[in-house]
Number of protein chains: 2
Amino acid sequence: MRIGHTQGGFTLPGESGCEDLTLELARTWGADVIRDSDGTQLSDELLCAGYDIYSTICLIRDHNEWAAQHSECLQQTFLCTQPRMAEGSSLTVAPMEGFFTEQFRVNDSPDARRFWQVWDRTAEKLLPESAWRWDTVQGTVTIETEPFHAYTVSFLAYRIWEEINMYNHVTNAWQSEHLMPIDPCRPEARAFLTDWLENWCKTHPHTNVVRFTSLFYNFVWIWGSDKRNQTLFTDWGSYDFTVSETMLTEFEKRNGWRLTAEDFINQGNYQVTHMPPSEKKCRYMDFIQEFVADYGKELVAIVHRYGKKAYVFYDDSWVGVEPYGPYFPQIGFDGVIKCVFSGYEARMCAGTPAQTHELRLHPYLFPVGLGGAPTFQAGGDPTRDAKAYWMHVRRALLRQKIDRIGLGGYLHLLREFPDFVKYIADIADEFRALRALHEQDEVYTLPVTVAVLHSWGGLRPWTLSGHFHETYMHTLIHINEALAGLPVHTRFISFEDVKRGALSEIDVVINAGRAGTAWSGGAAWDDADLIAKLNAWIWQGGVFLGVEEPSAAPGHGDFFRMARVLGVDEDTGARVCHGRWPVQAQPVDGLIPEGANIPAHGHLYLTDADTRVLCAADGIPTLAAHNFGKGRGVYLSGFSYSSENARLLLNLLLWSTGRPLTQMALSDHPAVECAWFAARKTLVVANNDEAAPHTAQIETEKGRVTVELVPCETRFLTL
Amino acid sequence: MRIGHTQGGFTLPGESGCEDLTLELARTWGADVIRDSDGTQLSDELLCAGYDIYSTICLIRDHNEWAAQHSECLQQTFLCTQPRMAEGSSLTVAPMEGFFTEQFRVNDSPDARRFWQVWDRTAEKLLPESAWRWDTVQGTVTIETEPFHAYTVSFLAYRIWEEINMYNHVTNAWQSEHLMPIDPCRPEARAFLTDWLENWCKTHPHTNVVRFTSLFYNFVWIWGSDKRNQTLFTDWGSYDFTVSETMLTEFEKRNGWRLTAEDFINQGNYQVTHMPPSEKKCRYMDFIQEFVADYGKELVAIVHRYGKKAYVFYDDSWVGVEPYGPYFPQIGFDGVIKCVFSGYEARMCAGTPAQTHELRLHPYLFPVGLGGAPTFQAGGDPTRDAKAYWMHVRRALLRQKIDRIGLGGYLHLLREFPDFVKYIADIADEFRALRALHEQDEVYTLPVTVAVLHSWGGLRPWTLSGHFHETYMHTLIHINEALAGLPVHTRFISFEDVKRGALSEIDVVINAGRAGTAWSGGAAWDDADLIAKLNAWIWQGGVFLGVEEPSAAPGHGDFFRMARVLGVDEDTGARVCHGRWPVQAQPVDGLIPEGANIPAHGHLYLTDADTRVLCAADGIPTLAAHNFGKGRGVYLSGFSYSSENARLLLNLLLWSTGRPLTQMALSDHPAVECAWFAARKTLVVANNDEAAPHTAQIETEKGRVTVELVPCETRFLTL
């Protein structure tokens, strides 16, 4: 095996019993850190091999004895039954029907029962407590009903199986004990966990970095009893699993608001991150963040007291940690680790306020990968997988510094995959070269600042809620993925930010998504002040780029509240008898790269005769622009990530702000992207095409450069 | 030319100067009536040829001298400017900008000005009158504004060109005077028109039937100044053109409600028939219908006094006549004439409470037809057109009796089209044969009663708002067209009807359309009583067939309020993180005929594991059924009219109500339909395929019959 050319910034998962392999790979990949993994322990040989040691801990689980003795300290959630129709004047419902009984147990303590609710979902009425009765023995609720109305029961349930343990257990047919999650909301639980950590630090002298996975609360993940529909609800960004009678009571004391089951259940929809949060939800999230930061700070202080660093894994039980939130810096984490499939995740990690930013690359060193497809076993092609992910992640690394990369899983699986070992060595070298450039210089960025406008704004930049493959149905994740590698300045702002003056340094505002979602904005667009502020800014030269159903809000004359700027609106049915301006495309040369494609959207029409249609399909505009004062609106009917579409987006940013499509350090091929580091006179050129070589011409300070690249190649050119 | 085999029930447009041709065609086609047309007069030779004479009159126009002297008696409408953005604290708007100045003139009389409104459409606020000023000389409104809010001006405008005259004039480049429409809402106008009719009757002794075209108020048809977008708004079913300061004042006196411009303008949407009407709109429509009936009755009485009959043309100025409304019978019309392209229009005519039902067939005898395509001139194929329309209309005539048919236009154009003359003779014979069968017997109908459920219910059966080609984008018109020829009982009911117990005799309720429309029902579905009534009826054995977005209403847990019956719901974005039951089709043999196709609809999911998917596309159900008590819900994601899809609909009606797909007097080929008249032992079999011959087998009382039909053929079999 070839030894990597450079060293450092690489975290290797050690494997006891494979000490030689571990150390050989550490050298090959230039590792400076060896880590353990969930359920593994490093041998003394590895602990003492001269590498820094990361140890992973998931604080809230793996204390089953204590948890069993303090079952009131188990974590909880609200659950809600499916609507059940009454045939007569009474209905009996088993709340747990349809839920996975290995995950949940009804919490019918008197304190918890105060939060239970029975709703008539036909009449949308909350029933008085006198109209229903809980039978502890039968485990049923009997309800006085109106015939042929549908009813639901909302209740608190203990979570008796920590979900990450549950998932791994079920997926890998483990036979081990089900780990229970402890809720630190109670002082006795905190006392126990604090002691445990103190003791852990004391007994792990070799550990340099404690990696928290993450802190206390997992994202919501509700399982059903039927394997045909195992996941009933999951949302990487939602706070459902933080709830308990203790937290709700504390929240009421602090904020004066009594939250009810319905604030979480929300007519059975739950409060999904993809929909605009209510004020109550935001206040509750803030309350949880403050709690997590307060107790997290205590824990990090312990780690620091033992001379160790504390990193946090930005996944799994990350809920409440909220790295872009107001309380995160006070926790005092030294580093943030993010597992990444995509460029936007690398940008999300890079932007967190911590000293060290580390990426856990995919594929993990497991026999199977996502969805059960083979990886490190017969039929798998982990090098191909690694390349595919790297093509995405590298785009982000061209734009922003990441401090470390690493892998996870079992090294012994690599014995059959030498080409993978070689490829990771190459990646590690590329990564370190890019890091070195960023450390010495700011990468050249076009003088265009883009603000993505949505309900979450800067609290939740880049991601929507989880990985790309979990959110691909949302247009905005495709746009974020494109932006992650484009040579422009990118910000994420909320509607409140706009009202507070955040537009002053922005060139282009992007608002993209389905009507009513957190990404389009929903009811935020009922606000005249927001619209007037945007209008004024556009009039003075700003560009509003609306995608799919931007600024959509029902109840107004225009469905897109920015329709008069965009020159395009959507007919929700009320305007089917209105005349239509003819749709005739007047394209702009070179604006739409060959191979780009724009998903169509129905029911669109032009609000004005002077809307310029740039592209249309079947008589419906897919891309249009409309001048408004010194600025303009641009409407795009959809967006899906590809090299060509990313370049289309960049072209739109350039053209709409009055700039030529040819720019310094911009290649003339959509699959080829560049980064120019002026201080080092280094041009990094990357071919994002996994299959085809490409030749690109790039304008530089030293004139036009022509580069030929093999598939996936990264080239470092000194000019 | 061949002489038609039978005679009667046929109205021929006479043409002066072509007397011989007129009389020859009258014999050929078996006409018993000769009519005049808009702008033509019959010669004495035709008037005295022994035929009954229809004379068309459009009472409210062609009195320009009087109208010019009484301009306050011109008909009016509300208009609203396009939203205009204020750049500063003031904005000047010309209300007539963008409107066709030959159609409208601002009514700024003090009485009318009371109804003008200026709205801030950004803040959705009505401005006080002190905040704007009308400049009569400049013809502008100056508004005190908030910067970068958008404003509209709503105002009353006289209509100075009667719209049917305007359309014909502009389309045919006429040079004649623009006819102005008189509004009979003022007593002086009524006095004038009454005198005029009295005199007309007196001076037209040959006329047997006065055909009113129609009464007073045209459907709304607002033209713009830009020829690229000439029709700004049109709706065959809307009452905008009945408005005036007089009517609004009368309405306020009668109902106690002061209507404002906004009640008509509705944020610039106007009040389109395709959206659920507000209570105010319904009350106003009722008020207009009563007025129209009151004055219409006076006019018909005059006609009757002169020994003539009065027919009404169910088109053009039909607004307020509302033949299915409560006041229509008291007008006393002897007949209703409907121009038809489609089967549903024939059913709509047939069901009106009048003695005589007459269809005006297409194509009209004009050089060009719809959209300017050649008809009776080089390049035209009027026989093909006539066949295509007849294929649709005949289906309805198999099911219900029509008393008369006829044509419109200019006979001299037929000289070059002998095959058309022959084809009409054939049609006329077929029509008369069918009429004779209906007169002697009830056609055999399957014991299935279908109720189409929508906002308009029985007030507006069959049509949505106008012809098929004007409303093809609505799923329900395709369903209505299918039902028009299916051997089932069909009713149209409103949501109020359901609550009043209308379901008792119904087997299947169909609710079909886009969310929020009058066809799906919109806010009607917020009503728990409606839903419980439907649920109870289904539980006891009813079938709810929901198409596209049935029972959709936002703000509830389920988007389709009948989702728990249908077993299918649509995710509006809130449920994107919910698990999904797998979609796996379990088809029913023969349910979906070969060649049928179901338009897909996005974002659908199964609410239950036991929903039976009958058809799916790309993992999304397109047809599904779900048992509910003794009844069931059936969900169909879309519907477009074709022979195969019409049979699919019939199959669904049969299968969902527990009946075999093979039935008496039902052919085994979707393109072949039958009508069985038991008393006359006559089976009428029709091939609805214009291009291909078909052989069909039909179960009858006398055993299985096999019939071979050439394209379009109608066969009368005596068994």
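**Two chains, their contact and selected elements**

In strand E33 of chain B (714-718), the bridge partner of Leu683(B) is Leu717(B). Strands count as paired if DSSP finds at least two bridges between them; helices (H or I, at least four residues) and strands (E, at least two) are DSSP runs numbered from the N terminus. The model is predicted: local features need pLDDT of at least 70 and side-chain atom pairs count only at pLDDT 80 or more, while totals for chains, interfaces and linings use all residues. Residues are numbered from 1 along each chain as its sequence is written, and chains are lettered from A and ligands numbered from 1 in the order in which they are written.

The two strands are part of an open sheet of three in chain B, ordered E29-E30-E33 with antiparallel pairing. Strand E29 (672-677) and strand E33 (714-718) of chain B are the edges, each pairing on one side only. From one strand to the next the twist averages 20°. Helix H12 (residues 382-399) of chain B lies across E29, E30 and E33 of chain B and runs at about 25° to E29(B). Such angles run from 0 to 180 degrees between N-to-C directions, with axes as lines fitted to C-alpha atoms, for helices over the stretch in contact.

Strand E28 of chain B is another place to look. Six of the six residues of E28(B) (residues 631-636) are buried, so the strand is largely enclosed by the rest of the structure. Buried here means 20 or more other C-beta atoms within 10 Å of the residue's own, with C-beta atoms placed from the backbone. In a regular strand the side chains alternate between the two faces of the sheet. In E28(B), Gly631(B), Gly633(B) and Tyr635(B) point one way, and Arg632(B), Val634(B) and Leu636(B) point the other way.

E28(B) pairs with strand E23 (residues 543-548) of chain B in the parallel sense over five bridges, and Gly546(B) has Tyr635(B) as its bridge partner in E28(B). Strand E27 (residues 620-628) of chain B pairs with E28(B) in the antiparallel sense over six bridges, with Asn627(B) opposite Arg632(B). E27(B) and E28(B) form a hairpin with two residues between them, and Gly629(B) in the turn has a positive phi of about 60°.

In chain A, helix H7 (residues 245-255) and helix H9 (residues 279-305) pack at an angle of about 105°, with axes 11 Å apart. That makes H7(A) roughly perpendicular to H9(A), a label for angles of 65 to 115 degrees. Phe251(A), Arg254(A) and Asn255(A) of H7(A) meet Arg283(A), Tyr284(A) and Phe287(A) of H9(A); contact requires C-beta atoms, placed from the backbone, within 7 Å.

Finally, the chains together. The contact takes 53 residues from chain A and 53 residues from chain B. Helix H17(A) gives the most to the side of chain A that touches chain B, with six residues. Because 100% of the interface residues of chain A are also interface residues in chain B, the copies meet through the same surface.

Technical notes
Two residues are in contact if their C-beta atoms, placed from the backbone, lie within 7 Å. Angles under 35 degrees count as roughly parallel, over 145 as roughly antiparallel, 65 to 115 as roughly perpendicular and the rest as oblique. A residue is buried if 20 or more other C-beta atoms lie within 10 Å of its own, exposed if 12 or fewer, and partly exposed in between; C-beta atoms are placed from the backbone.
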